[in-house]
Amino acid sequence: MEDKKHIDRLFQENLKDFEVFPDGNVWKNIEQQLVKKKKRRVIPLWLRLGGAAATLLLLISSGIWFFQTDEPMQKAPNTNSIITDVDSDKKDNNIDNSKDQESLQKNQIDSKKDTDVILKTPGEGTIQLKKEKTTRFASSTIKKESNISSETTNKANNLIKGSNNVTIAIDTKNEAIKTNSSTKFNARRESKIASNKKEEIIEPNNEKQDIHEALKEKENTIVLEEDVVNANKWSVGSTVAPVYFNSLTKGSPIDAALIENSKSTNASISYGVKVNYKINDKLSLQSGINSVELAYTTKNVTALVSSNDALTNSTNLNTNIDGFSIVTSSNDNLVVQEAELITESTRSNSLNFIGDLNQSMSYIEIPMEAKYSLLQQKFGVNVVGGVSTYILYKNGISILNENGSTTLGEASNINNVNFSGNLGLDFDYEINKKLFINVSPMFKYQLNTFSKNDGGFKPYYLGVYTGLNFRF
Amino acid sequence: MSLEKLINKCKQRDIRAQSEVYQLFAGKLFALCLKYSKNYQEAQDNLQDGFITIFNKIEQYKFKGSFEGWLKRIIINTALQKYREKNVLNLISEEIPEEIEVEIDELDISLDFLLKIIQELPNRYRLVFNMYVLDGYSHKEIAELLEISEGTSKSNLSRGRYILKKKVEENAFDLKKNKASK
């Protein structure tokens, strides 16, 4: 049955329902890559967050410093003439209404000062806007400008009429802020303006005695207001945590002979204060200062103290006192101080300590961490990553047996400055708008605790930080 | 579970859903890979890479058009990608093809044989033949996807057809000879 057929049709018909199942390996490979990708996605986030935390904190603190010192005074471009015109018109009116010629002059001087302020504040507003790199906020600037003009009118009024109106003016100002469909952005701007104004106002005070009081009152209210307006950006709190210090691997930084000895963690405590700055709804930076004591115990250690020089030599001792040895091996990481017990004891006899060797290090810790919010309601869940700097202030090794604890000396191989990588969670619970409590389990991996001969000891510690925090 | 549910779970990176989608479509898509590839190994590589692309970009499937069509396009693109990188697809000659008919005894044609001769085609012919004849792409689309001119696409198609025709005829001739000698 020979047949003439277009070559395309031949292939189309035959391959129409063509299906072939691939090897099982193919799916295994795909699965492997998919799972790998999933994991990969999480880790770089942490690395980035941790690294970025320190940098961001540095940038922000220097930024804050910059804004507080130079900018309000010097960086003010003199644009925005419309507002100035309107304001001075209004002021003229006010001045006309005034009866007292002398106070009129004073007011004129003061209103000039105020005008300066206005010139500056919108200018600063635009600088800030550029920094934000968004045009979205254009409308808010307009709103803000109108606020400013009304504020200044109020202020001009106050200056003329004296202290009686100050409270009213401030009330209106508060209202202006409230009605300002108050986005946080606006609010922050307002406070900035308020603080600028404050600085400017102080100058005329020196000259004008009668207005002085009114202004001072106002100044106080402005300061108060600033607090309200800045709400929730910053928080400070206390932290207390039980910490559990241990090593990821077997090892002993004290003596190679102790590597195989079992070790246990001594629950110790870390406490301090924490400062948190909220960048946006999701991300905040935190730092602070903590005191932390890290300690662990090496079990079943035999320490030998002897006046016998031969013994000391043979066991390779490197200590300040005669004849101290841990078992029989070299212990070049231990500098032994004159221990009272040893001097009391008869030198001629050798002395054995059998007990647990306790090493402790006390640090001042300065963490720099970024906190990323996963859930944000009355109960919040955050992830935290960052780095800590540790400054050593105490370091000791003691031996514990039935006779009590005996200080042996200190380890010679501990760095004075040490760093750690931090990772953890943070749960918070809001008590009210100002107060919240938080619980934060953290894992802190120590990077360079020991300067040399760490004996395979890879230290880390776990801490569950709890604290009461105050937002302001 | 409906396909839609399954796709949504894949969008959440649910490995079980991903496995199910794989089971559902691997047969068809592997056949597709075999047609576009030189050999079995290359087809497997393409299938693997294609599925990884599928699962990584599954958010982009918005339930417009058939899911299978979307999968096929990704698999074909994966296969094409490799040749585009090698830039082996351009051919200078641009003859316009004539219709080619072959005399065949249908019973003697096996699917394996057809697949084999497709795979043996040079890359540039194989891709164009597959796309135009078997997967319904126009010359214009092929030209865009392979970054060649439409004329090149047409001439590659006709050369591909010509080679396939010869092989089919040779095969038929061999079969006849075998039968005769028996």
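Residues are numbered from 1 along each chain as its sequence is written, and chains are lettered from A and ligands numbered from 1 in the order in which they are written. In this predicted model, local features need pLDDT of at least 70, side-chain atom pairs count only at pLDDT 80 or more, and totals for chains, interfaces and linings use all residues.

**View 1. Chain A and chain B in outline.**
Chain A holds 11 helices and 13 strands. Chain B holds 8 helices and 1 strand. Helices (H or I, at least four residues) and strands (E, at least two) are DSSP runs, numbered from the N terminus. The order in chain B, from the N terminus on, is α-α-α-α-β-α-α-α-α. Of the 472 residues in chain A, 31% are buried. Of the 182 residues in chain B, 34% are buried. Buried means 20 or more other C-beta atoms within 10 Å of the residue's own, exposed means 12 or fewer, and partly exposed lies in between; C-beta atoms are placed from the backbone.

**View 2. Contacts along the sequence.**
Two residues are in contact if their C-beta atoms, placed from the backbone, lie within 7 Å. Take contacts in chain A between residues at least 6 apart in sequence: 73% join residues at least 24 apart. For chain B, with the cut-off again at least 6 apart, the share joining residues at least 24 apart is 72%.

**View 3. Helix 1 against helix 2 in chain B.**
Helix 1 (residues 3-11) and helix 2 (residues 15-36) of chain B pack at about 130°, axes 8 Å apart. Axes are lines fitted to C-alpha atoms, for helices over the stretch in contact, and angles run from 0 to 180 degrees between N-to-C directions. The two helices of chain B are therefore oblique to each other. Angles under 35 degrees count as roughly parallel, over 145 as roughly antiparallel, 65 to 115 as roughly perpendicular and the rest as oblique. From helix 1 of chain B, B:Leu6, B:Lys9 and B:Cys10 meet B:Ala17, B:Gln18, B:Glu20 and B:Val21 of helix 2.

**View 4. B:Arg13, between helix 1 and helix 2.**
B:Arg13 sits in the loop between helix 1 and helix 2 of chain B. Its phi is near 65°, a positive value in a residue other than glycine. B:Arg13 is partly exposed, because 16 other C-beta atoms lie within 10 Å.

**View 5. B:Glu147, between helix 7 and helix 8.**
The loop between helix 7 (139-146) and helix 8 (150-181) of chain B carries B:Glu147. Phi of B:Glu147 is near 55°, positive in a residue other than glycine. B:Glu147 has 12 C-beta neighbours inside 10 Å, so B:Glu147 counts as exposed.
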